[in-house]
Amino acid sequence: MMSPPNILLIEDDCEMRRWLRVILEAEGYRLLFAETGEQGVIEAAARRPELILLDLGLPDLDGVDVIHRVRGWSATPIVVISARGQEKYKVEALDAGADDYVSKPFGVGELLARLRVALRHAATVRTGTEATRFKAGGLEVDLAARWVRVDGQDVHLTPIEYKLLTTLARHPGRMLTHRQLLKEVWGPNFVEHNNYLRVHMSQLRRKIEEQPARPRYILTEPGVGYRLAEDP
Amino acid sequence: MRPDPDQLLQRVRLEEQKRARGRLKVFFGMAAGVGKTYAMLQAARRLRESGRDVVIGYVEPHGRPETEALLAGLEQLPPQRVEYRGTSLRELDLDASLARRPEVLLVDELAHTNSSGSRHAKRWQDVEEILDAGIDVYTTINVQHVESLNDVVSAITGIPVRETVPDFILAESDEIELVDLPPDELLQRFSEGKVYVPDQAKLASQQFFRKGNLIALREMALRKVAENVDAQMRGYRVAHTVQETWPVAERLMVCIGPSPFAKQLVRAAKRTATQLHAAWIVVNVQTPDWSRLPDAVRSRAYEALHLAEQLGAETITLSGDNVTTEALAFARSRNVSKILIGKPAEPLWKRALRGSILDRLVDQSGEIDIYAVSARIKGSEIAPIHGLRSKIPWREYAVAVLVVLGSTLLGLSLQPGIDLADVVMIYLLGIVGVSIRTSHGPGLAACLLSATTFNFFFTTPYYTLAIDRAQFVITFVVMLIVGLTISGLTSRVRAQASFAVERERRTHALFEATRSLSAVGSEGEVLASAARQIAETFEAEVAAFLLGEHSRVVLRTTSHDGEWINAREIGVAQWVADNGRRAGLGTATLSGAEALHLPIPGAGGRTLGALAVRPAEVHGFQDPERMRLLEAIVGQAGAALDRTRLAHIAQEAEVEVETERMRNALLSAVSHDLRTPLATIQGALSGILERGERLPADQQKELLETARSEADRLNRLVHNLLDLTRVQSGDLKLNLDWHPPEELIGAALSQLERSLAGRELCISIAPELSLIRVDGLLLEQVLINLLENAERYSPAGSPIEVKAMRDPGVVVLEICDRGRGFTPGEERRAFERFYRAQPTERGGAGIGLTICGAIVRAHGGTIEARNRDGGGACLRVSLPLPEDPPPFGPEARA
């Protein structure tokens, strides 16, 4: 077993640092702290953490700038902490290269899940071993054999729907922005056409979800994007 | 008897005005040389010694050592030098006086006429402006310069007096000090050369300074001062309720016409009115003949009316057929007790024939006393009027002659076949024709000419003017009378018609102005409308100025291109706006301007700006009726401006009150609803921290769960507050996009996962409803609030229904519960700000539904609440359905 992963927490609020430290150290992570964006970038370069947990509302730097600067030389996964209602910044952060986000206020379970997904994703990228099969609850996707099953039943998808689902399935549990999905499925010229995505997502849901208004597999993050549930 | 409240009010108002206005002290004398200037300077020195800021604005250079000695040590403003025909004239420097702003300013010779090029024609106008600026003024005046006494003095002394001061200046003065000297002493001083008289008046002064004259003048001066003291005492009595008897108010009416003596009649009336302490009205009755009078004659009446206004009379122009009837009807309507009229000027035979206005007035006046005033006073100057005869309409006379000639030829050609009566008819037809087409004179000429030719050609003996048979005499006389009557009547009817048209035009203009001004909303529209109305009615160019920042006038609108508006006109407008009096063309102030500038009156005596009217004709506003109409329209415009301003202020105030009310409500709601969950969280956490070891694990968990659910609630509340701020700030921009309804509903449900645990949720979404166009985040908030509301007001475990469907033209989202529903009337109040169903129940700032309403309205939709059959409440959101179907993307077809 490797040594416990280092997490760099860039957060200016003392109380936030305090309770995050308690929770995360109890989970076996080792915590490094930075109180400002500048300090965070230096710590990230000097200490090489396995993951960066970044609050977007920093006193000195715009959180998105921190992402840009770290992404210049590192692929370290970055999870962003942001307030709800700042969807625009979340999308900016994700498009700038952040891996995921949690909205303030958030529960411990939610945070740990994001961290797990981000670390695992980084590991797959590092090792180059991408899973060809995805399974969550009753939903099964085989990327190699190109089939989709819900509760053991084959589901027939249009090429677009299939591509949408497989794009999500390649990053299980991870937030994908509308822009990222549009770029992946339709191509770089269609990144502004949110409505395409919504129409096809709606159709895809009707095919795989029992109750589209209470989805189990494809979760909506209003104003940001979609996430394939890891373990519904 | 109690004083009349109106009078008291008037007095209070006057006193308030006076407080802001400077006080006027007049040193009043019977003639030059009594020592007015000396007395004034002495008074000034006393003031100076008591520490007041006294400045000499202007004192005539007397060249007497006693006076010069008094001048020494007093601050003196340098006089303004005005070049006039090669000589340098000294004038009071008005602007320097206003700029210096002393406490008391000394201005000698109030009756002085300023040299041309000065702002005001008369020095007393300068003094008025200085008083208005709040500066006290000391001044001097001689009795012969009082307007109402002017012609009496002229009559006594035989010397015309041109420089006069209107009586109201004296009446409004706060103090009059009579500077008196026995005539003998004055004569002695005069003979010793101690009386200052300008060189050019040397000769006249010899005639003036005679004992008889001085005695008469002294008596007049004493009486004038006594009158003033009397008026002051009466004022005091009103204010202090001293009076026991209050005389029945006399009201005096004066009838004037275009007579050369009209002005004298007005002055006589003023004297009488003052002696009787009566209010007085000057009336000018315009008969249809009025319009046929030459301009110069008519302007005599206008000048007399103007003088009357200056002397403090009310002036009225009446129109009608009959001077006597109109004047008496008006007199009765105003309870006039005495009528003054000039003695008839017509020769006796004329009066015997046609009667005079005086006779008719005496006959019909009933209880009203009639005074006939001799208007002619020896020595008074009456300027002969040139062009008194109007131009003779030769063309019309030619027409008359031609028509009579035609009638004669026609008559002759039909002879001897027709009867003589028929010939008369032909002539009469001609006369009627001429009378209809031309003015009075040619009609009369046609009549006389017809009679003559008839006599000449058709009655025996032919071709002579003699008549030999009695029958012809009758024919001839009847023809003459009928012809004259027809011609007279016709021209009268014509004049009346044109008179009526003119009156109708005025009434219509005022009506139109009132109507159009009441219909417009903004300041700019009011001004534009007024300018257009005035331009059309008076055939003039109009510009409107309003007082803007730093009390500077700003040109707001012009009727035409406004090319004539230059710095001078703007200067005049500024003066008018500052002083609230008219100026410019045709007035005595800044009369060099091309336009007449009128103040635009606002509420409470304020002046809102100035309206400049540049008539096509220079004398365009000499007729007081036109002036009055113009003022009425400008007054209407002022009222309309006030109205728009008040409406604006009221609206702002209302918004402010509403904002304030809303802020207070929000603050109290928020402070309550933020603290409640915080209290729970704090209580639960401190319970575990401090008493944790004594609590069993399941109770600890319960406490923690309570804290967490309260934190969730707090989170939602904060979110709502943020949304409310966005909505209220007014710059809410909808981020409209296509969203599948299930996605929005799903997102809302996931936010409420914990609080909705254990609830049965029935979700139905119409399949044809693939996408709706909304702001996703805001609509999610609406759904969260509605779901939370349903959860809060229905029993735990009861089902909640969520529906999305399509109705004609709308998308409908419905959230229904099985709770207690709404009490009657509550359905509507539910969307009022911060209304909460039962304040004692579980929290929520009541802003949830307020937010919902605001968001849905921003989408152009509606939100309604109703009770369901079988119990429970339903909240229904209807959003407009966009026409264009959502695009599906290129690959959708693949």
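Reader: At what angle do helix α2 and helix α3 of chain A pack, and how far apart are their axes?

Author: First, a caution: this is a predicted model, where local features need pLDDT of at least 70, side-chain atom pairs count only at pLDDT 80 or more, and totals for chains, interfaces and linings use all residues. Residues are numbered from 1 along each chain as its sequence is written, with chains lettered from A and ligands numbered from 1 in the order in which they are written. Now the pair: α2(A) (residues 37–47) and α3(A) (residues 63–71) pack at about 20°, with axes 10 Å apart. Axes here are lines fitted to C-alpha atoms, for helices over the stretch in contact, and angles run from 0 to 180 degrees between N-to-C directions.

Reader: What makes α2(A) and α3(A) roughly parallel?

Author: The cut-offs: under 35 degrees is roughly parallel, over 145 roughly antiparallel, 65 to 115 roughly perpendicular, and the rest oblique. Their angle is about 20°, so α2(A) and α3(A) are roughly parallel to each other.

Reader: Which residues of α2(A) and α3(A) meet, and of what class are they?

Author: From α2(A) come A:G37, A:G40, A:V41 and A:A44, and they meet A:D65, A:V66, A:R69 and A:V70 of α3(A). Meeting means being in contact (C-beta atoms, placed from the backbone, within 7 Å). By class that gives four nonpolar, two polar and two charged residues. Ala, Val, Leu, Ile, Met, Phe, Trp, Tyr, Cys and Pro count as nonpolar, Asp, Glu, Lys and Arg as charged, and the others, Gly among them, as polar.

Reader: Over in chain B, why is B:L590 called buried?

Author: A residue is buried if 20 or more other C-beta atoms lie within 10 Å of its own, exposed if 12 or fewer, and partly exposed in between, with C-beta atoms placed from the backbone. B:L590 has 21 such neighbours inside 10 Å, so B:L590 counts as buried. This residue sits in the loop between β16 and β17 of chain B, and has a positive phi of about 45° although it is not a glycine.

Reader: And B:E539, is that residue buried or exposed?

Author: Exposed: B:E539 has 11 other C-beta atoms within 10 Å, and the limit for exposed is 12 or fewer. B:E539 is not a glycine either, yet its phi is positive at about 50°. You'll find B:E539 in the loop between α20 (523–538) and β14 of chain B.

Reader: How do you know that helix α21 of chain B has close to the expected span?

Author: Expected span is 1.5 Å times one less than the number of residues. Helix α21(B) (residues 567–579) has 13 residues and reaches 18 Å from first C-alpha to last, close to the 18 Å expected. Its buried residues are B:E569, B:V572, B:A573, B:W575, B:V576 and B:A577. Among the elements covering them are β14 (540–547) and β18 (607–615) of chain B. Just after the helix, B:G580 takes a positive phi of about 65°.

Reader: How many residues of chain B are in contact with chain A?

Author: There are 28 of them, in contact with 22 residues of chain A. The largest share of that side of chain B, six residues, comes from α24(B). By class, this side of chain B has 16 nonpolar, seven polar and five charged residues.

Reader: Last one: where is the cis peptide bond from A:K104 to A:P105?

Author: A:P105 is in the loop between β5 (100–104) and α5 (108–127) of chain A. The bond from A:K104 has omega near -10°. As for the helix and strand labels, these are DSSP runs (H or I, at least four residues, for helices; E, at least two, for strands), numbered from the N terminus.

How values were computed: Two residues are in contact if their C-beta atoms, placed from the backbone, lie within 7 Å.
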